[in-house]
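Subject: Structure handover

Hello,

Here is the structure I promised to pass on. Please open it first, then read my notes below.

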Amino acid sequence: MKYWRETIAVTQRILIELLRRRRSLIFWSIFPISVLILGGFILAERAKLPINSAFEYTAPSTLVGAALFFSCLGGSVATVVAEREQQTLKRLFLSPLSGISYFLGIFLAHSCIGLGQTLLVYTVAAFWGATFKGSIFLGLMIIFMSIAAYVGLGFILGTQLARRIEDVNALVAAFGVPLLILGGAFLPSSLFPKNLINIAKYNPIYHMNEAFVGVSTQGKVIGEIAPHFWFLVVFSIVMMIGGWLSYRRMLIVERRL
């Protein structure tokens, strides 16, 4: 119960701070909506698809490939760097708050943001007649694993490579934009040449996208997306462990300063 109360307290603090600033939440809302609408209309025109089918295909790619990437990965990197710059970690050492509660609190806060973006994206897509055809439970599993992978990677990048707030945008852009394009976030992977598909198989965003698109648009079950699903399971676990170890190493360094 102690860890649970502390985790909820950290989550509330982060969400309240975001609500006070508002700008990040507004941008994290505008970005997926604009990508969804542009992608839906472009796909409908170029692929000669009905508008509802185009939005059904675009919605999952927009969510896991674009929206969650910038809010959960970019957001967690920014949170870690900002907490270090504002000396929040120094105050953490003087409080009874445990390190694991702080780590889980950041994860839970970004999970709330991710769920909010999920509702937003599919509400807008439903306006044009899109529906979610597969298992909602399986879809939520993929979303939570994607969030875990992004947050864990965000801790690794935020603790190891980013030192100032100014580093965040450059870091996310350098690592993220090529991976997003190669993962099928902006262009369907069916348009990729064979050599790019072979490279994309090593890109976790590609597996997130393929798994979620299969469940959302084609109603596939876990057996039909098994390679993508199990890749994502392993990757999310590795990223969470790596993020936790990077966070612990950062705490040791901060204590020495």
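How many helices and strands does the secondary structure of the protein chain come to? It comes to 10 helices and zero strands. Here helices (H or I, at least four residues) and strands (E, at least two) are DSSP runs, numbered from the N terminus. Along the sequence the pattern reads α-α-α-α-α-α-α-α-α-α.

Two notes on the source. This is a predicted model, in which local features need pLDDT of at least 70 and side-chain atom pairs count only at pLDDT 80 or more, while totals for chains, interfaces and linings use all residues. Residues are numbered from 1 along each chain as its sequence is written, and side-chain values use heavy atoms, with hydrogens and water left out.

**The whole chain**

The protein chain has 257 residues, and 49% of them are buried. Buried means under 20% relative accessible area, exposed means over 50%, and partly exposed lies in between (1.4 Å probe, protein chains only). The accessible surface is about 12,700 Å². Carbon and sulfur atoms hold 70% of that surface. These areas come from the Shrake-Rupley method with a 1.4 Å probe; for residues, only the protein chains shown count as cover.

Now the contacts (heavy atoms within 4.5 Å). Take those with a separation of 6 or more: 83% of them join residues 24 or more positions apart.

**Helix 6 and helix 9**

Helix 6 covers residues 136–160, and helix 9 covers residues 204–218. They pack at an angle of about 165°, with axes 9 Å apart. Axes are lines fitted to C-alpha atoms, for helices over the stretch in contact, and angles run from 0 to 180 degrees between N-to-C directions. So helix 6 is roughly antiparallel to helix 9. Angles over 145 degrees count as roughly antiparallel, under 35 as roughly parallel, 65 to 115 as roughly perpendicular, and the rest as oblique.

Their crossing is left-handed. That term applies if the near helix is turned anticlockwise from the far one by less than a right angle; if clockwise, the crossing is right-handed. Helix 6 brings L138, G139, I142, I143, S146, A149 and Y150 to the contact. Helix 9 brings I205, M208, A211, F212 and V215. By type, these residues are 10 nonpolar, two polar and no charged. Ala, Val, Leu, Ile, Met, Phe, Trp, Tyr, Cys and Pro count as nonpolar, Asp, Glu, Lys and Arg as charged, and the others, Gly among them, as polar.

**Helix 3 and helix 6**

Helix 3 (residues 51–85) also packs with helix 6. The angle is about 35°, and the axes are 8 Å apart. This crossing is right-handed. Residues of helix 3 in the contact include L63, F69, C72 and R84. Among their partners in helix 6 are I143, Y150, F155 and T159.

- A82 lies in helix 3. A82 is buried, at 15% relative accessibility. A82 and G158 are 76 residues apart in sequence, yet 9.6 Å apart C-alpha to C-alpha.
- L15 lies in helix 1 (residues 2–21). L15 is partly exposed, with a relative accessible area of 23%. Leaving aside neighbours within four places in sequence, L15 contacts A109, C112 and I113.
- G99 lies in helix 5 (residues 99–127). G99 is buried, at 15% relative accessibility. Not counting residues up to four places away, G99 touches W244 and Y247. The C-alpha atoms of G99 and W244 are 9.5 Å apart, across 145 residues of chain.

Best wishes
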